[in-house]
Amino acid sequence: DPANLAALVAQQHPLAVLVNVPPGQQPDPVLTAGLTIPIVECSLPSQAWMATTLGARACLTKPIDFQQLMMEIDMLEESGTAVRDVLVIDDNPGICQLVERSLGAHNGRFAIRIAYEGRSGLLAMAQSPPDLVILDLMMPEVDGFAVLETMQNRPELTAVPVILLTATSYIEESLAQYGNQIRIAQSVPWHPAETLHLLKSALAGLKPSPVVEEPV
């Protein structure tokens, strides 16, 4: 929020403002307009980006934080979406059992359905659209991406909220394909000594790429 950021900068006098932006995108120029301190733009792995890009409600990493899961469900209900029928789609029976046990501990608040593959999950939704889908992205054959695409193409399923399950390594790998860049900008000119000091610090933190020798 531009107003809050400007107020915090004036109050706290930070060394810089770190802006986390999705790979390949630019931050909102209004956010940092008028700031004279350095602006550091970078891309750090984020479940929120995954959820936004794929049209999901949220993205949770495994192992699942069930307190966070319940927070997401509570926020759904606060926004007016009653959550009773929950469909869990995951090819890992252990994950399904954990979700079922966790949600089942809430005194019958939820009715849990389980599908161990994307195709059977879509069939279950066709029979009766759930109030919420908890969806694993990485599954054989019909994966979570295909399930999401199918849901978005079916009018009766487009409004069904989805909470994604994935691994941190997958988020990092998917972001890495866009390339990782760091950009530092400042409205006032850099002094040459400042530039050299900055480069020295940045180079000290870099790891050289391993040299791969071609076979003779």
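The tour goes from the sheet to the helices lying across it, and then to some charged pairs.

Keep in mind that this is a predicted model. Start by showing the strands: five of them make an open sheet, ordered S3-S7-S6-S4-S5, with parallel pairing. At the edges sit S3 (58-61) and S5 (111-115), each pairing on one side only. On average, neighbouring strands are turned by 20° against each other, direction ignored.

Now zoom in on S4 (residues 85-89) and S6 (residues 132-136), joined by four bridges. Pick valine 86 and look for its bridge partner in S6, which is leucine 132.

Next, select helix H4 (residues 93-104): it lies across S4, S5, S6 and S7, running at about 175° to S5.

Time for side chains. The structure holds seven salt bridges. Select aspartate 136 and lysine 62, which meet in one of them at 3.3 Å, N to O. Aspartate 136 is in strand S6 and lysine 62 in the loop between S3 and helix H3, 74 residues apart. Aspartate 136 counts as buried because its relative accessibility is 3%, while lysine 62, at 26%, is partly exposed.

Last stop: select Asp74, Glu77, Arg84 and Arg109, linked in a salt-bridge network. Within it, glutamate 77 and arginine 109 meet at 2.8 Å, N to O.

Key: Residues are numbered from 1 along each chain as its sequence is written. This is a predicted model: local features need pLDDT of at least 70, side-chain atom pairs count only at pLDDT 80 or more; totals for chains, interfaces and linings use all residues. Side-chain values use heavy atoms; hydrogens and water are left out. Two strands pair if DSSP finds at least two bridges between them. Helices (H or I, at least four residues) and strands (E, at least two) are DSSP runs, numbered from the N terminus. Axes are lines fitted to C-alpha atoms, for helices over the stretch in contact, and angles run from 0 to 180 degrees between N-to-C directions. Contact means heavy atoms within 4.5 Å. A salt bridge is a side-chain nitrogen of Lys or Arg within 4 Å of a carboxyl oxygen of Asp or Glu. Buried means under 20% relative accessible area, exposed over 50%, partly exposed in between (1.4 Å probe, protein chains only).
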